[in-house]
Amino acid sequence: EGDTMREGLAFAKLADLDSFVVKGTVPEERVQSVKEGCAVRWWIASFPAEVHQGKVGSVGYVAREKNSRNWLEQETARVFDIRIAIAAKSARFQPGLTVSFEIVVGQVPGALVIPLKGLHYDADGSFVYLADGQKRRVKLGEEEKGEVQVTAGLAKGEGILVPRDDR
């Protein structure tokens, strides 16, 4: 009582809780590796320990400017919209939640990876220091989450020197 109603003014929104879809964005430099059907791990911001599964349902065809709230970002990022299909249901899945997600775009079974902190560069390229202090040249593959794939120059089981985090 007392509210003003006008034509075209929404006064209620109804949500279909029978299905749940996560909407997100992918940076334009990564969109080429994201395809429909790619596996997705996602979690609700307020429950980060509960990881859920889904699949990429669709990838947008046209890039758009990212709506950045961070005034420190100097460059305007361009992103593609994606939709993640979720099969599971939970009372925690509510419209408008903030979620984070990881898209599995490629796995290399048996890949040899090392922490980026153990990697060094000079004019001749990349190298690591073995546990005995010997310098060894390495060739690198993909990099992700603080690790890099070593494609040549290092064998499984060879230890490398990595700076300690507690100093």
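**Strand pairing and pockets**

Author: This is a predicted model. β11 and β12 pair in the antiparallel sense, over four bridges.

Reader: Which residue in the turn between β11 and β12 has a positive phi?

Author: β11 and β12 form a hairpin. Two residues lie between the strands. The turn residue with a positive phi, of about 50 degrees, is lysine 145.

Reader: Which residue in β12 stands opposite glutamate 143?

Author: Look at β12 from both sides. Isoleucine 114 has its bridge partner in β12, valine 148. Glutamate 143 stands opposite a residue of β12 too, and that residue is valine 148.

Reader: What is the bridge partner of proline 115 in β12?

Author: Strand β7 covers residues 113–115. β7 pairs with β12 in the antiparallel sense over three bridges. For proline 115, the partner in β12 is glutamate 147.

Reader: What is the order of the strands in the open sheet?

Author: The sheet has three strands, and the pairing is antiparallel. The order is β7-β12-β11.

Reader: Why is one side of β7 and of β11 left without a neighbour in the sheet?

Author: Both strands stand at the edges. Each has a single partner strand, so one side of each stays without a neighbour in the sheet. On average, neighbouring strands here are turned by 35 degrees against each other, direction ignored.

Reader: Which element gives the most to the lining of the second largest pocket?

Author: The second largest pocket holds about 440 Å³ of space. Of its 17 lining residues, the closest to the centre are Phe20, Val21, Val22, Pro95 and Gly96. Two or more residues come from each of β1 and β6. With five residues, the element that gives the most is β1.

Reader: How many residues in the lining of the second largest pocket are nonpolar?

Author: Five residues are polar and three are charged. The nonpolar ones number nine.

Key:
Residues are numbered from 1 along each chain as its sequence is written. This is a predicted model: local features need pLDDT of at least 70, side-chain atom pairs count only at pLDDT 80 or more; totals for chains, interfaces and linings use all residues. Side-chain values use heavy atoms; hydrogens and water are left out. On a 1 Å grid over the protein atoms alone, a cavity is a set of points where a 1.4 Å probe fits but cannot get out, and a pocket is an open set with protein on both sides within 12 Å along at least five of seven lines; lining residues have an atom within 4 Å of a point. Grid points are joined across faces, edges and corners, and a volume is the space filled by probe spheres set on the points. Ala, Val, Leu, Ile, Met, Phe, Trp, Tyr, Cys and Pro count as nonpolar, Asp, Glu, Lys and Arg as charged, and the others, Gly among them, as polar. Two strands pair if DSSP finds at least two bridges between them. Axes are lines fitted to C-alpha atoms, for helices over the stretch in contact, and angles run from 0 to 180 degrees between N-to-C directions.
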